[in-house]
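Thank you all for coming.

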Amino acid sequence: MANIPTQVRKSLERHGLSDEQLRTIFRTMLLQRQLDNRGFQLNRQGKVPFALGSEGHEALQAGAAMAFNRGKDILAPYYRDLGLSIGIGLTPYEIMLSIFARAADHNGGRQFPNHYSSKRAGLMSFSSILAAHIPHAVGAAYALKYRKEAGRAVLVTFGDGTTSEGEWHESMNFAAVHKLPIVFLCENNQWAISTPLSLQMGQPNIYKRAEGYGMPGEQFDGFDPLATYDACSRAMERARNGGGPTLLEGVCYRFLAHSTDDNDLTYRTREDVSERRKDDPVPRFENLLVESGIMTGEQVAAMKQDVLHETNEATDKAEAMPFPTADDLYKHVYEGAWEPWQ
Amino acid sequence: MAVATSSSQVLNNVEAVRATLYEALKNDDKVVILGEDVGSRGNVFLITKDFVKEFGTERIIDTPIAEASIVGIAVGMAMEGLRPIAEIQFADFIYPSFNQIVGEAAKTRYRSNGEYTCPMVIRTPYGGGVRGALSHSVSVEALFYHVPGLKIVVPSFPADVKGLLNAAIDDPDPVLFLEHKKTYRLIKGEVPDGHYVIPIGKADVKKEGSQLSVVSYGLYVHWALEAANQLENEGMSVEVIDLRSVRPMDRTAILQSVRKTRKLLIIHEDNKFGGIGAEISAMVAEEALFDLDAPIRRLAAPDVPAMGYAMPLEEAYMSSPAKMADAMREMVKF
């Protein structure tokens, strides 16, 4: 597998980030993992029918979220972007409303978990159909450019498997033709449910395709939140300032099965996963912060407690909320009341 | 024969579409047009001729040949506040964008519980009778009319084209706007000046009659009128209803007419199986079976993939005023 080697950083490269921002990145990573695991736990308890995991994506998503300008930029994510979504402003309570499919969820309990939507956060609604959201992101970027809204950009994310879809290609091509303010961020976790990268593409370095479209491409270690931040912030800044689109590829790994309905032991071994677990980005970043004196061991422990507490609170609060009712099924088909026969 | 007056002008359907798009671009800078060859070529039927000179390449967007993203990018524009009018060069090319229309545009409002919406128009020329062969002649309405969240408009007269296209552009939800390409230059009519809207979902009685209700849309409305006029000379009275919209559909107009004439003939160019006529038949059977004096009849294309390029194949697929007149006579005499 043609991955860039994961390297444990000897020293901290801040890329201009403050201590506070470094701690925020770490907290987002911890919160993502806690909420992610909570979804699986609730499924095993029989409380929710389905959950999607994102373990292994924490560094990539927290780093990318730090490069996102809240209130200005637009995010067009996909269903594994729990950490990115909380990193740009969704609350744990909103995540749990989605997992529990409650009426107060942004989608009113209509969509699968992890299919967020929030105008407040600038997070575009999307479906489960892979790559279908990428032209939407391009359309939004076109609107920003058309309205001459300099200083704003769109961040669109997807997995490695999605790069096989026609709409991925069409979107990259259109964005390059029009030099749109958009960053295409591939979260390459090596697996598309059970299909490995080697059966998905002949050129395993996804970022290299950028040249074919006429845009810059860059690959980075997706287990490193600071390398991620560095690449994303440069690309987003270029997009915001009229420099056009970029294709980024963060190489990470999917530690969990695709979803609670998937048994990954049918296509990979426990050893495959445990080998990659050795590079787990969460303890790796924790060690870096402690060794660099950004956080003490006690502060890390307190933060973990705080994240657990916040997750528990969000879980209880969301679970206590009501489901949508049967009447809600008929709402928002079109604007206003609706009958197919007039 | 259409006559221009001080408050109207005579346009064909191409000119009606063009004039309406022009006004929309003039009145609202959120309106953009995107599609294949809509810029310097001015669309293959010259509907957008010279628009790019006046409105610029940012608003009249010549896209790469990529139908899925023509619609998909329009969806994103609409979600972000623009009013895109996407063009699919021929309806036959709409299939690659099927998911973007059915899975995305039609479900944006619903899946986000009303938080995001998708106000956009997808215009496309459809229909046969022009030697368009397999891939420049299809009717696509039945593929989409099953889909809640979409509206589908099929106007046949220039004045309806204008009023319904204005309604489609103003609509807060996605509208598929089907233009029968044989009517483009064949059909002329008076079009009122100024901005006006015809509500989507309202049919129009194009000819009143008492012995048979004919429900149709598209090119076949014109042929049905020709046949009905011929029958009038033979002393038979046929009512012709132009649906104008197939989703939503005007139940009130259909039932009112059927309860008056007590006979229903549905005519469409699309094939019969699972077509628009099937839904109308079922609705009338549910609502007005005991008001009928004859079985409902559908005159529609045979169940083959498409009309062929060779003239006999096209003629065998298409109906004609003569075939329609035959069906009408049988129904009236039943």
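Predicted model: local features only at pLDDT ≥ 70, side-chain atom pairs only at ≥ 80, totals over all residues.

**Helices, sheets and contacts**

Let me start with a pair of helices in chain A, where α1(A) passes α2(A) in a right-handed crossing. Helix α1 of chain A covers residues 19-44 and helix α2 of chain A covers residues 58-66, and their axes come within 9 Å of each other, crossing at roughly 135 degrees. α1(A) and α2(A) are therefore oblique to each other. On the side of α1(A), the contact is made by Gln21(A), Ile25(A), Thr28(A), Met29(A), Gln32(A) and Arg33(A), while α2(A) brings Glu58(A), Ala59(A), Gln61(A), Ala62(A), Gly63(A), Ala65(A) and Met66(A). Sorted by class, the contact of α1(A) with α2(A) comprises 6 nonpolar, 5 polar and 2 charged residues.

The axes of helix α4 (residues 92-100) and helix α12 (residues 297-319) of chain A come within 8 Å, with a crossing angle of roughly 45 degrees. α4(A) and α12(A) are therefore oblique to each other, and their crossing is right-handed. Looking at the residues that meet, α4(A) contributes Pro92(A), Tyr93(A), Ile95(A), Met96(A), Leu97(A) and Phe100(A), and on the α12(A) side we find Glu310(A), Thr311(A), Ala314(A), Thr315(A), Lys317(A), Ala318(A) and Glu319(A). Here the division by class is 8 nonpolar, 2 polar and 3 charged residues.

Let me turn to the sheet of chain A. It is an open sheet of 5 strands, in the order β1-β2-β3-β7-β6 (chain A), and its pairing is parallel. Why is one side of β1(A), and likewise of β6(A), left without a neighbour in the sheet? β1 (74-76) and β6 (217-221) of chain A stand at the edges, and each has a single partner strand, so one side of each remains without a neighbour. On average, neighbouring strands of this sheet are turned by 20 degrees against each other, with direction ignored. Within the sheet, strand β3 (residues 182-188) and strand β7 (residues 246-251) of chain A pair in the parallel sense over 6 bridges, and Phe184(A) stands opposite Leu247(A) in β7(A).

Helices also pack on this sheet. α5(A) touches β1, β2 (154-159) and β3 of chain A, and its direction makes about 170 degrees with that of β2(A). Helix α9 (residues 225-240) of chain A touches β2, β3, β6 and β7 of chain A, and the direction of α9(A) makes about 170 degrees with that of β7(A).

α5(A) returns when we look at how the two chains meet. Across the interface, 36 residues of chain A are in contact with 43 residues of chain B. On the chain A side, α5 (133-146) and α6 (166-177) each supply at least two residues, and α5(A) gives the most, with 9 residues. That side of chain A divides into 16 nonpolar, 14 polar and 6 charged residues.

Moving to chain B, there is an open sheet of 7 strands with mixed pairing, in the order β3-β2-β4-β5-β7-β6-β12 (chain B). β3 (60-62) and β12 (245-247) of chain B are the edge strands, each pairing on one side only, and the twist from one strand to the next averages 20 degrees. β6(B) and strand β7 (residues 175-180) of chain B run parallel and are joined by 3 bridges, with Ile152(B) having Leu176(B) in β7(B) as its bridge partner. Helix α3 (residues 67-79) of chain B packs on the sheet, where it touches β2 (31-35), β4 (83-87) and β5 (121-126) of chain B, and the direction of α3(B) makes about 170 degrees with that of β4(B).

Finally, the domains of chain B. The domain assignment gives domain 1 (8-192) and domain 2 (204-333), and the contact between them takes 25 residues from domain 1 and 25 residues from domain 2. Which elements give two or more residues to the side of domain 1 that touches domain 2? They are α6 (141-144), β6 (151-153) and α7 (158-170) of chain B, and β6(B) gives the most, with 3 residues. By class, that side of domain 1 of chain B has 12 nonpolar, 8 polar and 5 charged residues.

Definitions and conventions
Residues numbered from 1 in each chain as written. Chains lettered and ligands numbered in written order. Domains from an automatic or database assignment. Contact = placed C-beta atoms within 7 Å. Helix = DSSP H or I, 4+ residues; strand = E, 2+ residues; numbered from the N terminus. Nonpolar A, V, L, I, M, F, W, Y, C, P; charged D, E, K, R; others polar. Pairing = 2+ DSSP bridges. Axes fitted to C-alpha atoms, helices over the stretch in contact; angles between N-to-C directions. Parallel < 35°, antiparallel > 145°, perpendicular 65-115°, else oblique. Left-handed = near helix turned anticlockwise from the far one by under 90°.
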